[in-house]
Amino acid sequence: MYSLKNPKANLADYGIKNANEHWNLSSEELERITLEKGLGDATSFGAVNVDTGEFRGRSPKDRFIVKDAITQDSVWWGNINIPFDSEKFDKLYDKVVNYLSGKEIYVRDAVACADPRYAMNIRAITELPWSNLFVHNMFMRPSEEEIKSFDPEWKIVCAPGFMANPEVDGTRQHNFAILNFTRKIALVGGTGYTGEMKKGIFSALNFILPHQKNTLSMHCSANIGVDDDTAIFFGLSGTGKTTLSADPSRKLIGDDEHGWTEDDTIFNFEGGCYAKVIDLTEEKEPDIYRAIKPGALLENIVFKPGTNEPDFENGEKTQNTRVSYPIYHIDNIATPSIGKNPKNIFFLTCDAFGVLPPISKLTPGQAAFHFISGYTAKVAGTEEGITEPETVFSACFGAPFMLLHPTKYGEMLSKKMKASGATVWLVNTGWSGGAYGTGKRMSLKYTRALITSALEGKLNNVEFVTDEIFGLNMPKECDNVPSEILNPRNTWADKEAYDKKAMHLAKAFMQNFDKFSDYANDEILAGAPKVSQEA
């Protein structure tokens, strides 16, 4: 079997002994091994489908940060960043590597960060071949010559079959994902969900880049136009981040994680994409659909009866069905995955209350406020008694992965926005003409037209009007978009009901922001909605 490694590399250095080692196997070999061992199924697309087992998504309550000299005074500790004892980590790590000793092990050398000045060399040691395929897809792939002298800075150790003993090991339950910045290890056990590896390294970079290298880390997608104008898109799940950044007239830099350097460069952290595929169709998401081919890894897909054809509409196992694929599976990509200073930044929100405008221009203070807030909404579900949309706030549009206080990232974004002259837009891909149940979902056609007009500078010289509650600046006209929908209040038949609902959402913003207000500067505070004391 073909296996390539640095001659000096030895798993015994990591405490793993007498293992049957497979180093840097090709995606074809990893697929073959997965199928031969009965660990996955072949699909009609040519991609392998695997079942990640008990966990089909991340487990945020089981994600820990070792509290040590590096992190103790810098990490924003709390419900998101949960501290873990360094001595318990050492003992747990020893248990995991003892568990892996003597087993068949898959090792991969990979790189995070497309800008070579910030590149992080990673060595991933995985119990399962398809976990190794995921790493191959999601991180950048060094050349054969680079592998021969590869020296890892960080290590990922992933052992889904190892179960922790919470009473002894200090975990909450048998699964865990732990970052240790002193030893530079991302340790994952008890869960087969591959996203824990990806988000572990992303979380590490979210600490290292802003805290140690004055580079803003961002949970966003990015693309670049024919005039080398970069745009970045922030947004939580369901807001259209992947859809709207996949523009046939623009090259994709990356779809999820990026850095913004001191000298005005945007760079992708990853070498691939990890996309949701629930309800996927070629018509709605052509790039993702066509990227599912040999080399891609599908997770937790259900097949159509009697076939090996994925049923993307079937969420029987989970609504979080996924595919990972290397970025070169998409035709229209930027090579390398780097762009210049962004000219436009889009915050995408799916406002199910129907009160935010389809597009609005933000001041630097508003940009920082909305970035720290990270708002979207979930629509009323099928559970009995739920009749109203629910607000969702995730700081920096990625709270589960941000190790520093959110205002640190917000202040950095505001500073970079001013220095670059970038325009920040808040885009509502949610409801218009009323809340969910009364109004209608914003037309994707209109949202694309609004973003295109912003990218082409056509909104620079139009007249704007300011919303009284949120202080948002809304254009009065836009090509290919009915002017009456640009101010959401105009779309409501009952204006009093709109005012009441808008104040309800503004109060939710302020209630969420209470936990950040003591850390926010005056400019950020000035970007908040205007909520009267009587409201």
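Tutor: A pocket is an open set of grid points with protein on both sides within 12 Å along at least five of seven lines, and its volume is the space filled by probe spheres set on the points. Please keep in mind that this is a predicted model. In the second largest pocket, that space comes to about 390 Å³.

Student: Which residues are the closest to the centre of the second largest pocket, and what makes a residue part of the lining?
Tutor: A lining residue has an atom within 4 Å of a point. The lining of the second largest pocket has 24 residues, of which Ala246, Pro286, Asp287, Ile288 and Ile330 are the closest to its centre. Helix H7 (241–245) and helix H8 (286–291) are the elements that each give two or more residues, and H8 gives the most, with five.

Student: How many cavities are there, and what makes a space a cavity and not a pocket?
Tutor: In a cavity a 1.4 Å probe fits but cannot get out, whereas a pocket is open. A search of the whole structure finds two cavities of 30 Å³ or more. The largest cavity holds about 140 Å³ of space, and the closest of its 17 lining residues to the centre are Arg63, Ala177, Glu196, Lys199 and Gly200. The second largest cavity holds about 40 Å³ and is lined by Thr349, His370, Gly374, Tyr375, Phe397, Leu426 and Phe509.

Student: How many residues of each class line the second largest cavity?
Tutor: The lining has four nonpolar, three polar and no charged residues. Tyr counts as nonpolar and Gly as polar in this scheme.

Student: Turning to helix H2, how do you know what span to expect?
Tutor: The expected span is 1.5 Å times one less than the number of residues. H2 (residues 86–100) has 15 residues, for which 21 Å is expected, and the helix reaches 21 Å from its first C-alpha to its last, so the span is close to the expected value.

Student: Which residues of H2 are called buried, and why are they said to be on the same side?
Tutor: Buried means under 20% relative accessible area, and in H2 this applies to Phe89, Leu92, Tyr93, Val96, Val97 and Leu100. They cover an arc of only 135° around the axis, which puts them on the same side of H2. On the other side, Glu87, Lys91 and Asn98 are exposed, a word that requires over 50%.

Definitions and conventions:
Residues numbered from 1 in each chain as written. Predicted model: local features only at pLDDT ≥ 70, side-chain atom pairs only at ≥ 80, totals over all residues. Heavy atoms only, no water. Helix = DSSP H or I, 4+ residues; strand = E, 2+ residues; numbered from the N terminus. Buried < 20%, exposed > 50% of the residue type's maximum accessible area, 1.4 Å probe, protein only. Arc of directions from axis to C-beta. 1 Å grid on protein atoms, 1.4 Å probe; cavity = no way out; pocket = protein on both sides within 12 Å on 5 of 7 lines; lining within 4 Å.
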